[in-house]
Amino acid sequence: MTLAIDTPLGFSEAFIQLVTQSKAAASIEASNTNPYLFRRTEHYLFEQGLSPLSAIKDMIGSQATKGMHVLARFVPKIVGCGVWSDGRNLAAIEAYPSACKRSETIQALRRPYPALSHADCEDALTCALVASLFAEKRSALMPPEADVTPSEGWIWVPRDAFAQDAAS
């Protein structure tokens, strides 16, 4: 079973080093390039024209800590960048429903389902579809870049969510 969670599931390595070792980053520029505020996966999304939130500066810190708590309790093993496991039957990944709105793959998977009554329900369905893609057709999702620290995690988004930007 794969669980896709719509919240940051890690902090940036620079932020962790600042908090645990008092190690400062070399420089801090604009907010969207601040190494404390955003992980490499979020920097990647900025490069793709998206505007992800920060677990540090935006109002999602509480949700992020709850998501990380779920990881620590139920899927504590990092088995790959952005993939946590219980070592048996459960895997957890991070999803970003807003980015999936640009994906024809997700739109096609959503077609059989009726419109849901609340945006949170719609996001939950999108997360379930991302989890299904991860389990059944992982190649449809953008994999982590080689320079991503596994503990930071990765936001799994369909590849075709980015192809539209490349075409325009």
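**Cavity, cores and a buried loop aspartate**

The lining of the largest cavity comprises 6 nonpolar, 3 polar and 2 charged residues. Here Ala, Val, Leu, Ile, Met, Phe, Trp, Tyr, Cys and Pro count as nonpolar, Asp, Glu, Lys and Arg as charged, and the others, Gly among them, as polar. The model is predicted: local features need pLDDT of at least 70 and side-chain atom pairs pLDDT 80 or more, while totals for chains, interfaces and linings use all residues. Residues are numbered from 1 along each chain as its sequence is written, and side-chain values use heavy atoms, without hydrogens and water.

The count is 1 cavity of 30 Å³ or more. A cavity is a set of points, on a 1 Å grid over the protein atoms alone, where a 1.4 Å probe fits but cannot get out; lining residues have an atom within 4 Å of a point. The largest cavity holds about 40 Å³ of space. Volume is the space filled by probe spheres set on the points, with grid points joined across faces, edges and corners. Its lining includes Pro8, Phe11, Tyr36, Arg39, Glu42 and Ile56.

Glu42 is also one of the buried residues of helix H2. Buried means under 20% relative accessible area, with a 1.4 Å probe and protein chains only. Helices (H or I, at least four residues) and strands (E, at least two) are DSSP runs, numbered from the N terminus. In H2, 6 of the 8 residues are buried, so the helix is largely enclosed by the rest of the structure. Gly49 follows H2 and has a positive phi, near 90 degrees.

The largest nonpolar core has 29 residues. Such a core is a set of buried Ala, Val, Leu, Ile, Met, Phe, Trp, Tyr and Cys residues joined through side-chain atoms within 4.5 Å. Leu45, Val130, Trp156 and Val157 have the most contacts inside this core. H2 (40-47), S4, H4 (97-100), H6 (119-136), S5 (155-156) and H7 (160-167) each supply at least two of its residues. H6 gives the most, with 7 residues. Another core, of 6 residues, lies apart and includes Ile5, Leu71, Val75 and Trp84.

Val75 is also touched by Asp86, as are Phe74, Pro76 and Lys77, not counting residues up to four places away in sequence. Contact means heavy atoms within 4.5 Å. Asp86 sits in the loop between S3 (83-85) and S4 (91-95). Asp86 is buried, with a relative accessible area of 14%. A polar atom of its side chain lies 2.7 Å from the backbone nitrogen of Arg88. The Asp86 side chain also reaches the backbone nitrogen of Asn89 at 3.0 Å.

Technical notes: Buried < 20%, exposed > 50% of the residue type's maximum accessible area, 1.4 Å probe, protein only. Polar contact = N/O pair within 3.5 Å; in protein donor to acceptor, adjacent residues only side chain to side chain. 1 Å grid on protein atoms, 1.4 Å probe; cavity = no way out; pocket = protein on both sides within 12 Å on 5 of 7 lines; lining within 4 Å.
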